[in-house]
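Please read it alongside the sequence and coordinates shown here.

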Amino acid sequence: LEDAPAAMPRVRALLILTVSAASATLPGALATTVAPRAAPLVSGSARLRSAWARRSAPRLSAVVDEDATPVKKLLADLKFLGPVRFIVQGAGAILEAVAEVEAINYANVGGSEMATLKTDDATFEAHLRLGELTRCAFEAKRKGERDLYLVKFFAGDTPALTCLLHAEGGELDPDAVTFYEGLRTAFGDSFNVN
């Protein structure tokens, strides 16, 4: 990433909604086996093993520390959306990949905090330079016969990364849409990061 042209976005992302204390549960298909991570980077964090394996709803103690920044809370909630299409548009190219966010790490890289969203087997990684983000926005729209649910991470006025709910088998999971709408209600249509 350090060698990438300055005009090329250097971010990739994830989502999060704060789930309060032990009484909270996740809806339907989004609520599968949640296991605590060893030595979590964010106090009280949890890891979603599979977003579509079972329809039972486990109880969570806390997903992230209450003092976490809104963008970190949003990133943590991406775990509960199931498969997400990550989209990065640069000069002359568009990169798209579908993955479930299973783990998030934070590190100081070059004097700036970087979030790494990845699968457990590290076959997919997305890096988001938190210091370069200016705004996060939710956008739901209809395109032809399809409903699109997007989360955009902006660097300046340009979307550095867009996360789109992925329709497996051509259909969106209704529980993923419900969770997305809950995130949009909790965070608002958009919020400033820095």
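**The sheet, the strands and the salt bridges**

Alanine 155 stands opposite threonine 158 in β10, where helices (H or I, at least four residues) and strands (E, at least two) are DSSP runs numbered from the N terminus. This is a predicted model, in which local features need pLDDT of at least 70 and side-chain atom pairs count only at pLDDT 80 or more, whereas totals for chains, interfaces and linings use all residues. Residues are numbered from 1 along each chain as its sequence is written, and side-chain values use heavy atoms, with hydrogens and water left out.

**Overall make-up**

- The secondary structure of the protein consists of two helices and eleven strands, and the order of these elements from the N terminus is β-β-α-β-β-β-β-β-β-β-β-α-β.
- Of the 194 residues, 46% count as buried, a class that means under 20% relative accessible area, with exposed meaning over 50% and partly exposed lying in between (1.4 Å probe, protein chains only).
- The protein exposes about 9,600 Å², of which carbon and sulfur atoms supply 49%; accessible areas come from the Shrake-Rupley method with a 1.4 Å probe, and for residues only the protein chains shown count as cover.
- Among contacts (heavy atoms within 4.5 Å) between residues at least 6 apart in sequence, 61% join residues at least 24 apart.

**Strand β10 and its partners**

- Strand β10 (residues 158-165) runs antiparallel to β9 and is joined to it by six bridges; leucine 150, for example, stands opposite leucine 164 in β10.
- The hairpin of β9 and β10 has two residues between the strands, and in it glycine 156 takes a positive phi near 70 degrees.
- Four bridges join β10 to β3, again in an antiparallel arrangement, and leucine 165 in β10 is the bridge partner of valine 84.
- Six of the eight residues of β10 are buried, so this strand is largely enclosed by the rest of the structure.

**Asparagine 192 in strand β11**

- Asparagine 192 lies in strand β11 and counts as exposed, at 61% relative accessibility.
- Leaving aside its neighbours within four places in sequence, asparagine 192 is in contact with Thr134 and Arg135.
- The C-alpha atom of asparagine 192 is separated by 9.4 Å from that of phenylalanine 154, although the two residues are 38 apart along the chain.

**Salt bridges**

- A search of the whole structure finds seven salt bridges, a salt bridge being a side-chain nitrogen of Lys or Arg within 4 Å of a carboxyl oxygen of Asp or Glu.
- One of them joins the side chains of arginine 85 and glutamate 96 at 3.1 Å, N to O; because arginine 85 lies in strand β3 (residues 84-90) and glutamate 96 in strand β4 (residues 93-99), the pair ties together parts that are eleven residues apart in sequence.
- Both members of that pair count as partly exposed, arginine 85 at 23% relative accessibility and glutamate 96 at 42%.
- Lysine 152 forms a salt bridge with glutamate 139, with the closest N and O atoms 2.9 Å apart; lysine 152 lies in strand β9 (residues 146-155) and glutamate 139 in strand β8 (residues 135-143), so this pair ties together parts that are 13 residues apart in sequence.
- Lysine 152 counts as buried at 18% relative accessibility, whereas glutamate 139 is partly exposed at 26%, and a network of salt bridges links Glu139, Lys141 and Lys152.
- Arginine 129 forms a salt bridge with glutamate 132, their closest N and O atoms being 4.0 Å apart; arginine 129 is buried, with a relative accessible area of 6%, while glutamate 132 is partly exposed, with 39%.

Note on methods: Pairing = 2+ DSSP bridges.
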